[in-house]
Amino acid sequence: MSQDKPNKKIWITGASSGLGLALAKHYLLTGNRVIASARSEGELNQLAKLYPDELSFVKFDVTDNTQIESVANEIEQLTDQLDLAILNAGTCEYFDVDAPDWSLFERVNQVNYLGVVNSLQVCLPILKRTPNSHLVGVSSQAVQAPFIRSEAYGASKAAVRYLLHSLRLDLAPDDVSVSCILPGFVDTPLTQRNDFDMPFIMSPEQAAHRIANAVEKRVFEYAFPKRLTALLALARLAPSGWFKFNARKRTS
Ligand SMILES: NC(=O)c1ccc[n+]([C@@H]2O[C@H](COP(=O)([O-])OP(=O)(O)OC[C@H]3O[C@@H](n4cnc5c(N)ncnc54)[C@H](OP(=O)(O)O)[C@@H]3O)[C@@H](O)[C@H]2O)c1
């Protein structure tokens, strides 16, 4: 039986674009109440016209820890309970070892990893007092094997994954489930900047549908699509083959 029945109260970060926006649409369409956060409203404006009572926007720059208290207060004004929090806000910058911009490690980490830590400070107190609540974080399939130029992005997503695995243990007595999502390539503004092949890429709507199904089943870790998961498992089984394949790409 479904654990995440409609009319849940759901907080989604990074909801103004891409995957977060598609998740917000999915949960609104299926009869839930969504609190959407990002630095800008983006396309949420259009969605708010369709769902004036069910969608609220709470502005939050996840890198700014001075906003934690006011964002938490704003959410508490809207709802005293949160059934589900999806910490999805993220960014990607690629490292160039020949012209290194070392500051990008800090920028990427601030959003992808410390942004999750800041978001946890907003939502954990509310999740803890909501019976049978669920915390979901968005990592990446990039953590399954090393990719070229992904030093900063991959490390930040590996940190998110470890954080969620560890939190799952600590939150078990509080009746808060924890899930980690590892998407493959999704066609969003984040990947539209990429200049390389993205195998098995899918639309944000397809990805949101898969994620919502996994969330409903409270899958602990959900990596998709399976074909990419299998390819990356092979990479781990044959690391020297993966090394040669990728090193060749870097020199070509
Ligand atoms: N697309 C993929 O192939 C893929 C694959 C694996 C994992 N992911 C992960 O999925 C998540 C969503 O990515 P996406 O592809 O949907 O990217 P996207 O379209 O660029 O959306 C990123 C979202 O994060 C928000 N965001 C960025 N910086 C923020 C900040 N400092 N504070 C608050 N919100 C911030 C953006 O809103 P504002 O700019 O308005 O703040 C936007 O809503 C990310 O964590 C990404 O790493 C994506």
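Biologist: What are the ground rules here?
Modeller: The model is predicted, so local features need pLDDT of at least 70 and side-chain atom pairs count only at pLDDT 80 or more, while totals for chains, interfaces and linings use all residues. Residues are numbered from 1 along each chain as its sequence is written, and side-chain values use heavy atoms, with hydrogens and water left out.

Biologist: How many salt bridges in the whole structure?
Modeller: Five. A salt bridge is a side-chain nitrogen of Lys or Arg within 4 Å of a carboxyl oxygen of Asp or Glu.

Biologist: Which residue does arginine 107 meet at 2.7 Å, N to O?
Modeller: Glutamate 93. Arginine 107 is in helix α4 (residues 103-112) and glutamate 93 in the loop between β4 (84-87) and α4, so the pair ties together parts 14 residues apart in sequence. Helices (H or I, at least four residues) and strands (E, at least two) are DSSP runs, numbered from the N terminus.

Biologist: What about aspartate 101?
Modeller: Aspartate 101 also forms a salt bridge with arginine 107, with the closest N and O atoms 2.9 Å apart. That links Glu93, Asp101 and Arg107 in a network.

Biologist: Switching topic. How many cavities of 30 Å³ or more?
Modeller: One. A cavity is a set of points on a 1 Å grid, over the protein atoms alone, where a 1.4 Å probe fits but cannot get out; lining residues have an atom within 4 Å of a point. Grid points are joined across faces, edges and corners, and the volume is the space filled by probe spheres set on the points.

Biologist: Which residues line the largest cavity?
Modeller: Thr13, Val62, Leu87, Asn88, Ala89, Gly115, Val116 and Ser119. Helix α5 (residues 114-128) gives the most, with three residues.

Biologist: And where does alanine 145 sit?
Modeller: In the loop between β5 (133-138) and α6 (151-171). Alanine 145 counts as buried, at 6% relative accessibility. Its C-alpha is 8.8 Å from that of proline 239, 94 residues apart along the chain.

Biologist: Last one: is leucine 234 buried or exposed?
Modeller: Exposed, with a relative accessible area of 53%. Leucine 234 lies in helix α8 (residues 226-237).

Technical notes: 1 Å grid on protein atoms, 1.4 Å probe; cavity = no way out; pocket = protein on both sides within 12 Å on 5 of 7 lines; lining within 4 Å. Buried < 20%, exposed > 50% of the residue type's maximum accessible area, 1.4 Å probe, protein only.
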